[in-house]
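Subject: Structure handover, with notes on rings and strands

Dear colleague,

I am passing on the structure below, together with some notes that I hope you will read alongside it.

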Amino acid sequence: MARLVLCLFLSLLLPVQAQDDNAPKRDEPGLTILEQLPTRNQIPLLDNRFRIDDGVKSITLVFFRRPGTASIVLVRPDGSKVFYNTAKDHNMRWHDAASYDLIEINEPMPGPWQAVGRILPESRVLVLTDIELDVDPLPSALMVGETFKLTARLMDGDQLVNARDFREILSMQVLFVSTNNPDMENYGRGLAEVATFRDDGRGYDASARDGIFTGEVNLNFGAGEWIPRFIVRTPLYSRELEQAPVRVAPAPVAIEFVNSREMTQPHLLRLTKTSELVDADTLLFQGLIRYPDGDSFQFAITEPEQAREVTVENRGHGSYLLNLSVFGNMQDGREFVLNLPEERFLVIQQAQEALAIEPVTETPVNQAADTPPAAPEAGFPWLLVILSNLIIVTLGGVLFWLVMTGKGLNALLFWRKAKPEPPVAAKKTTATTSTPPQKDDILDLSLPDD
């Protein structure tokens, strides 16, 4: 009977590909009862190591390994090893299959344990004990940017765990793990760290170290199918809880930023409902716009009939940042609050208004034939420009030559020949052989009679 219960329990934990056609069907009564057992609490398995806290009465280990490989080996906190054939000596029940090991330990030794073998990531450490993590169910029809309050409790049977004697503040980590569904938007996204709740009496937490974690969850990651995972670690024990996969829908509001065409005209911010999950008449908007120069502008749309358009002052080129919150009701009446991720609108250069272009009308063929051809436009006077440049260069060269040689402008008159000057000796001979002066040239040296 015990082997039958173990096999039925294993059929719930094995991946779908590991089940054969002879496996029991989900609608059988035995499986329905097993699904209701408190097996959702787990102990984190990190690098094939896990820690069993004191007071655990029974624990179930499910290790998936590569098909055909040998059974794993358990190493207890005292260093002793437990094999498949020695399990009974250590108060264990061990079911060895071709691709997994199912181990049940009664009153396990507290402390760090280790599993040695070719273990697959699908392995689980399920604990059946009075210490459990209880988390409120998530809202239905979640959306990107949605913010809601969530409460979790660390229970010891029917009582809250007394954590006032702990030196360290208890904390709970909230993770969303992608299901890696190829048909979903978050395929291959891994995990998203959503929030960390601390039992310190601050924020949403009412009382410090009372075993109750209350905080705010903001779904500021991508849409798709996710598995919520909650992890609590204390100095004595750790607990991990996974809930059923949830679907996170895209944000129900589309944001459009329209640039103005003129520097004197403002920009336009347009908000449009894009999802049928929300009631359009209940949508309210509150936002903050930061201009490129550092100033900010707040706006609110609180009336359903109010136009969902906001004029944004034109402060030139740069980045315009938008922080938007949306309030409203789902179609089923559930209220929601969305804190959308920050939007950035980059204005590179203001667009100038184009000149109006007259429409081109077709001219009839006869009218076009009667119209005289237009005179061709005069081209650019390239010849005149070239001649002017040549003249300027020539005059500059001549002036430079005159300055460097020290000659006058007469040197440029090369076609005029200068008269040769007679030699100096010739000039003297001429002076000696010249004719005597004429009578008119002789001085009158006689004195008058008086």
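This is a predicted model: local features need pLDDT of at least 70, side-chain atom pairs count only at pLDDT 80 or more; totals for chains, interfaces and linings use all residues.

Residues are numbered from 1 along each chain as its sequence is written, and side-chain values use heavy atoms, with hydrogens and water left out.

Aromatic pairs

The structure holds nine aromatic pairs, where rings of Phe, Tyr and Trp (its six-membered ring) pair if their centres lie within 6.5 Å, with planes under 30 degrees apart counted as stacked, over 60 as edge-to-face and the rest as tilted. One of them is the tilted pair of Phe 50 and Phe 63, with 6.4 Å from centre to centre and 40° between the planes. Because Phe 50 belongs to strand E2 (residues 49–52) and Phe 63 to strand E3 (residues 58–64), this pair ties together parts that are 13 residues apart in sequence; strands here are DSSP runs of at least two residues, numbered from the N terminus. Phe 50 is buried at 3% relative accessibility, and Phe 63 is buried at 0%, on a scale where buried means under 20% relative accessible area, exposed over 50% and partly exposed in between (1.4 Å probe, protein chains only).

The rings of Tyr 84 and Trp 94 are edge-to-face, since their centres are 6.3 Å apart and their planes stand at 80°. Tyr 84 sits in the loop between strand E5 (81–82) and strand E6 (92–96), while Trp 94 lies in strand E6, 10 residues apart. Tyr 84 is partly exposed at 43%, whereas Trp 94 is buried at 9%.

Ring pairs also link Phe 257, Tyr 291, Tyr 320 and Phe 345 into a cluster. Over the ring of Tyr 291 sits the charged end of Arg 315, 4.3 Å from the ring centre (the criterion being NZ of Lys or CZ of Arg within 6 Å of the ring centre and within 35 degrees of the ring normal).

The sheet

Three strands form an open sheet in the order E20-E21-E24, with antiparallel pairing (two strands pair if DSSP finds at least two bridges between them). Its edge strands, E20 (253–258) and E24 (309–312), each pair on one side only. E21 and E24 pair over four bridges, and Arg 270 stands opposite Glu 309 in E24. His 267 lies in strand E21 (residues 267–273) and is buried at 1% relative accessibility.

Best regards
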